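User: Please take me through this model by questions and answers, with the cut-offs behind each term.

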Amino acid sequence: MRTEVILALAVALPTITALVGVLLSQSNYSKLDVRLAQVESRLDGCISAIKSELDARITALENRFHSDMMMVIGKLTELEVRVAKLEEKQSR
């Protein structure tokens with residue numbers, strides 16, 4: 001009787017090992033899926049934070065560019081006025 005049980009277990013052992021392997025791998029896949037979801041969530045948060053930071057920096061650069069351009073236009077206008085005055089003096 002013992003011999004038959006041992007033989008039956010010996011024959012069934014590869015199948016049992018395979019089933020346990022499948023169950024463990026499914027459990028690991030489950031854990032990996034959860035971990036992957038956590039990582040994806042963190043990455044989404046990081047990406048969102050980076051986008052917000054970039055948007056803020058772009059807005060600041062656009063505002064600075066606009067301010068600098070207004071200053072340049074003001075200086076060009078001053079130069080045009082000075083050139084016009086000089087041309088008027090020369091024409092006299």
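**Helix, surface and charges**

Analyst: A8 is found in helix α1, where helices (H or I, at least four residues) and strands (E, at least two) are DSSP runs numbered from the N terminus. This is a predicted model, in which local features need pLDDT of at least 70 and side-chain atom pairs count only at pLDDT 80 or more, while totals for chains, interfaces and linings use all residues. Residues are numbered from 1 along each chain as its sequence is written, and side-chain values use heavy atoms, with hydrogens and water left out.

User: How many helices and strands are there in the protein?

Analyst: Helix α1 covers residues 2-91. For the protein, the count is 1 helix and 0 strands.

User: What radius of gyration does the protein have?

Analyst: The C-alpha atoms fill a box of roughly 130 × 20 × 10 Å, taken along the principal axes. A8 and M70, 62 residues apart in sequence, have C-alpha atoms 91 Å apart in space. The radius of gyration is taken over C-alpha atoms, and the globule rule is 2.2 Å times the number of residues to the power 0.38. A compact globule of 92 residues would have a value near 12 Å, but the protein has 39 Å.

User: What percentage of the 92 residues is made up of buried residues?

Analyst: Buried means under 20% relative accessible area, exposed over 50%, and partly exposed in between (1.4 Å probe, protein chains only). A8, for example, counts as partly exposed because its relative accessibility is 44%. Of the 92 residues in the protein, buried residues make up 0%.

User: Which residues make the nonpolar surface patch of about 360 Å²?

Analyst: Patches are made of residues with over 30% relative accessible area and no salt bridge, with like charges joined within 9 Å and nonpolar side chains (Val, Leu, Ile, Met, Phe, Trp, Tyr) within 5 Å; accessible areas come from the Shrake-Rupley method with a 1.4 Å probe, and for residues only the protein chains shown count as cover. L24 is exposed, with a relative accessible area of 52%. The patch is made by L13, I16, V20 and L24.

User: With which residue does R57 form a salt bridge?

Analyst: A salt bridge is a side-chain nitrogen of Lys or Arg within 4 Å of a carboxyl oxygen of Asp or Glu. R57 counts as exposed because its relative accessibility is 52%, and the closest N and O atoms of its bridge are 2.9 Å apart. Both residues of the pair lie in helix α1, 4 residues apart, about one turn of the helix. The partner of R57 is E53.

User: How far apart are the closest N and O atoms in the salt bridge of D68 with R64?

Analyst: A search of the whole structure finds 2 salt bridges. D68 and R64 are separated by about one helical turn, because they are 4 residues apart in helix α1. D68 is partly exposed at 34% relative accessibility, whereas R64 is exposed at 56%. The closest N and O atoms of D68 and R64 are 3.9 Å apart.
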